Amino acid sequence: MVTFTTVFVILFFIFILQTVWLFITELAGKDLDLIMVVKFLLFSMPRIIPLVLPLSVLLASIMTFGSFSENYELAAIKSSGISLQRCFRTLIVFITLLSIVAFMFANSVIPYAEYKFISFRRNIAQVKPALAIAEGQFNTVGIYNIKVNKKSGEKGNLLSDVTIHKKSIMGDGNKTVIKAKTGELISNEASNLLQLVLKDGYYYEDVIPKKYEDRDKMPFVKSAFKKDIINIDLSKLNTPTVEETKETNTKGMLDVTELRYTIDSLTKNKATELKSFTENISQKTATSLISTPITANDTLEKRKIINSKDPLAMFTIDEKASIYKNALANTQSTVLSIEGTLSDLKMKQKNINAHEFVIYEKFVIAFACFLMFFIGAPLGAIIRKGGIGLPIVFAVLIFITFHFINTFGKRVSQEDGLTPFVGAWMSSFILTPLAILLTYRAINDIGIINLDRITEPFQKLFKKIFPSKN
């Protein structure tokens, strides 16, 4: 228990540092107080548990049983008539309880923390508007680059010597520069708008002359103002990246019951759209592709001929060309409609797969604790090495393999290459035989491989090349 707790705390601290490194751009240079930083880390901590917990079980198991085996404690236990299976019993009970707690944590705590984490990142500038702008440097806020020399006031919302570069809508640089002596930030937690009230300033805007030779003169327009208000959209400030939005969205904030309800709604929505599209296409293709109207001069006999085996026989060349043109246009329109709908249905299926994967992932976290124990404990008994040397190497290699396979299965299943069940459980399916093999060999005192037989030829060759002087 002591070893497991120690390993868990150390790994947890390492992963927390990784989280700080990933979001350093959101924490640095914004005058965040200690409470804000603690909240930020507190909301990000639960998402680390699925990585830290299985790795802690694996490393603690290898270190503990490796130390027992290295100090011949396992040999003493076996010589007294106690089998390795019996040694595992108490630990299996502990791992079972740990797995149940892990599932409950993944099903309740992580979704809530995910919601609070994303909300905190989105509202960080709304809670304290001055956090959006740091002193002495340009800060990108929406389409504005804002620099202030000094902030004052109780909330740091009073600004002095404000310089603003407004980005061009065309994306060809900054065409507008705004300078003001003072400014004030005004915000409301219920709104996504941040008001910047500027006083005693000037607008400078570049003008592009129609004549090319006049552009070298770099003309601009200057205008003064006593008071000006700029509304800044905060909805995109401190928001997750596009990739993070795909990964989290709302599914990371739901428990199993809510996920199943959401999946049912998404599936029904997809089925309804597919049925509606099928009916529309059927009605569209059921109509005649020949849209050339029959004139008043056409006789009943000609109408009968048109419906015969050769419907175009009685039409002129121009009429046939018109018919072919209309048919081609209708066909292309139908194909584009089908492709667009298929693309939309594919995206809906990916969304369904992502929600299903999250459900299975919650169970995988619990099973991973079991799996890592039955890999780590037998492996430690076989390699007979405790401490933090060789066990860490084995633990890292095994866990990287587990995590890589799990990530690969997640990506493929979300792209509809595999079912979400197979994608989520792929890593467990692949490593379970390894756990069974190691447990069997540890119980029967069979090593993984005889290293002496492999190294002995190299040792002989080394002695021949470099003979001992004695």
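## Around Gly 423

In this predicted model, Gly 423 touches Phe 357, Asn 406, Gly 409, Lys 410 and Ser 413, once its neighbours within four places in sequence are set aside. The glycine sits in helix H12. Its relative accessible area is 0%, so Gly 423 is buried, the cut-off being under 20%.

One of these contacts is with another glycine. Gly 409 is 14 residues from Gly 423 in sequence, and the two C-alpha atoms are 4.0 Å apart in space.

## The chain as a whole

The protein chain has 13 helices and six strands. It runs to 470 residues, of which 35% count as buried. Its accessible surface comes to about 28,700 Å², and carbon and sulfur atoms hold 62% of that area.

Among contacts in the protein chain with a separation of 6 or more, 69% are between residues 24 or more positions apart.

## The nonpolar cores

Which residues touch the most other members of the largest nonpolar core? They are Leu 58, Ile 375 and Phe 402, in a core of 50 residues. Six helices each supply at least two residues of this core: H1, H4 (49-70), H6 (84-127), H10 (317-383), H11 (390-414) and H12 (420-443). Helix H10 gives the largest share, with 14 residues.

Leaving out residues up to four places away in sequence, Leu 58 touches Met 372, Ile 375, Gly 376, Ala 395, Ile 398 and Phe 399. There is also a second, separate core, which has 17 residues, including Val 162, Leu 185, Leu 194 and Phe 225.

## Annotated transmembrane regions

The unreviewed UniProt entry carries the annotation "transmembrane region" for residues 6-28, 48-68, 88-113, 357-382, 388-409 and 421-443. Two of these spans can be set beside the predicted coordinates. Residues 48-68 are 95% helix and 0% strand, and the C-alpha atoms at the ends of the span lie 30 Å apart.

Residues 421-443 are 100% helix and 0% strand, with 32 Å between the end C-alpha atoms. Gly 423, where this report began, belongs to helix H12, and that helix covers residues 420-443.

## Salt bridges

How many salt bridges does the structure hold? There are four, and three of them are described here.

Glu 114 and Arg 47 pair through their side chains, at 2.9 Å from N to O. Glu 114 is in helix H6, while Arg 47 is in the loop between helix H3 (34-44) and H4, so this bridge ties together parts that are 67 residues apart in sequence. Are the two partners buried or exposed? Glu 114 counts as buried because its relative accessibility is 8%, whereas Arg 47 is partly exposed at 31%.

Glu 415 and Lys 350 make another bridge, their closest N and O atoms being 2.8 Å apart. Glu 415 is partly exposed, with 49% relative accessibility. Lys 350 has a relative accessible area of 19% and is therefore buried, given that the cut-off is under 20%.

The bridge between Lys 268 and Asp 264 has an N to O distance of 3.4 Å. Why are these two separated by about one helical turn? Both belong to helix H8 (residues 256-286) and are four residues apart, which means a separation of about one helical turn. Lys 268 counts as exposed at 51% relative accessibility, and Asp 264 counts as partly exposed at 39%.

## A nonpolar patch on the surface

Nonpolar side chains turn up on the outside as well. Ile 10, Phe 13, Ile 14 and Leu 17 form a surface patch, and together they have about 400 Å² of accessible area. Phe 13 is found in helix H1, which spans residues 2-22. With a relative accessibility of 51%, Phe 13 counts as exposed, because the cut-off for that label is over 50%.

Conventions
Residues numbered from 1 in each chain as written. Predicted model: local features only at pLDDT ≥ 70, side-chain atom pairs only at ≥ 80, totals over all residues. Heavy atoms only, no water. Patch = residues over 30% accessible without salt bridge, like charges linked within 9 Å, V, L, I, M, F, W, Y side chains within 5 Å. Areas by Shrake-Rupley, 256 points an atom, 1.4 Å probe, with all protein chains shown as cover. Buried < 20%, exposed > 50% of the residue type's maximum accessible area, 1.4 Å probe, protein only. Core = buried A, V, L, I, M, F, W, Y, C linked by side-chain atoms within 4.5 Å. Contact = heavy atoms within 4.5 Å. UniProt positions renumbered as here; feature names shortened; annotations may be inferred.
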